[in-house]
Amino acid sequence: MNAPQQMSADSWTVAGRTFTSRLIVGTGKYKNFEENAAAVEASGAEIVTVAVRRVNIADPSQPMLTDFIDPKRYTYLPNTAGCFTADEAIRTLRLAREAGGWSLVKLEVLGEAKTLYPDMRETLKATEVLVKEGFQPMVYCVDDPIAAKQLEEAGAVAIMPLGAPIGSGLGIQNQVTIRLIVEGANVPVLVDAGVGTASDAAVAMELGCDGVLMNTAIAEAKDPVLMARAMKAAVEAGRMAYLAGRMGKRRYADPSSPLAGLI
Amino acid sequence: MSVTESLQINVNGETRRVSAGASIAQMLGELGLSPERVAVERNLEIVPRSTLGEVRVADGDAFEIVHFVGGG
């Protein structure tokens, strides 16, 4: 599909679920639930990531995320943020499946606190176990085309390489590896982590990614709702540019006005 | 309620007491939680939501009760 008039029909499918928005947003780090809900609305996202944590039994009447972001309207994608072993991540997602009632989840197994870089050995191990248990894991991973293949072979329903460390906002550091992952994958590829501003999201989409997942870039913007709109536009613009097919690069200038008929 | 009529349990790392003979659903009620918004792990095993009303709390049980919160 490359005709612009067909953009309205542009959608992507993960684990049998079809979405029109290619932007997935997180729900962490917001000042309050109201701002969070407004930013999600402005982003146009259909999927939101959520964490699984202990309820506060000392004060069970506290407002909850589900009061502000309706799980019937948005697909909740439970994550395993904060898990450093396969076992912790699997335990967390078993609880998430019970809390939510669905098996589409985001797996991330971290290697160290400083970089929050994924531990791929544990990530692969967890993917295999989760798939055996009937989960449909979208998997956060390093931007390594071989690791991405291995995750896909293990049953990951989406490959989600980092563009840069989680929460860093440094943008996509290695466009070559992201493109190689996109070219080699038979499941959706989404850049997860590292996006800092709208142009970073557009770059991810221009590389052919199926989507982008971000949290901090919106939540820590001075105006999160405006940044959410910017990200929506950037993801759409990047997608359209990818479908349109960019011009070739030249080493030198090439005039746009005709040379013939010069006075 | 006397001590003999209640059980000592651990919920999310805290010691709590719950009425003897209570189901997990009743325990959640005593804690002020609604079963449809949480997931329950009992002694490291998931308790399916459909059975929360039937499974009885035993003395010394350790529970993890979780829900969805904001996260990226």
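What follows is a chat about a predicted model with a chain A and a chain B.

Reader: Before we start, how are the residues and chains labelled here?

Author: Residues are numbered from 1 along each chain as its sequence is written, while chains are lettered from A and ligands numbered from 1 in the order in which they are written. As this is a predicted model, local features need pLDDT of at least 70 and side-chain atom pairs count only at pLDDT 80 or more, although totals for chains, interfaces and linings use all residues, and side-chain values use heavy atoms, with hydrogens and water left out.

Reader: Okay, what is chain B built from?

Author: Chain B has one helix and five strands, where helices (H or I, at least four residues) and strands (E, at least two) are DSSP runs numbered from the N terminus. Along the sequence they follow the pattern β-β-α-β-β-β. The radius of gyration of chain B, taken over C-alpha atoms, is 12 Å, close to the 11 Å that the globule rule (2.2 Å times the number of residues to the power 0.38) gives for 72 residues, so chain B is as compact as a globular protein of that length.

Reader: And how do strand 1 and strand 2 of chain B run?

Author: They run antiparallel and are joined by six bridges; two strands pair if DSSP finds at least two bridges between them. Within this pairing, B:Asn10 stands opposite B:Thr15 in strand 2. The two strands form a hairpin with two residues between them, and B:Asn12 in the turn has a positive phi of about 50 degrees.

Reader: How many salt bridges cross it?

Author: The rule finds three salt bridges across the interface, each being a side-chain nitrogen of Lys or Arg within 4 Å of a carboxyl oxygen of Asp or Glu. B:Arg37 forms a salt bridge with A:Asp67, with the closest N and O atoms 2.6 Å apart.

Reader: What does strand 5 of chain B pair with in chain A?

Author: Five bridges join strand 5 of chain B to strand 4 (residues 47-54) of chain A, and these two strands run antiparallel. Among the residues involved, A:Arg54 has B:Val66 as its bridge partner.

Reader: What about chain A itself?

Author: Chain A holds nine helices and 10 strands. Its radius of gyration is 20 Å, close to the 18 Å that the globule rule gives for 263 residues, so chain A is as compact as a globular protein of that length.

Reader: Which residue does A:Asp10 form a salt bridge with?

Author: A:Asp10 forms a salt bridge with A:Arg239, the closest N and O atoms being 3.1 Å apart. The pair links distant parts of the chain, with A:Asp10 in the segment before strand 1 (12-14) of chain A and A:Arg239 in helix 9 (residues 224-244) of chain A, 229 residues apart.
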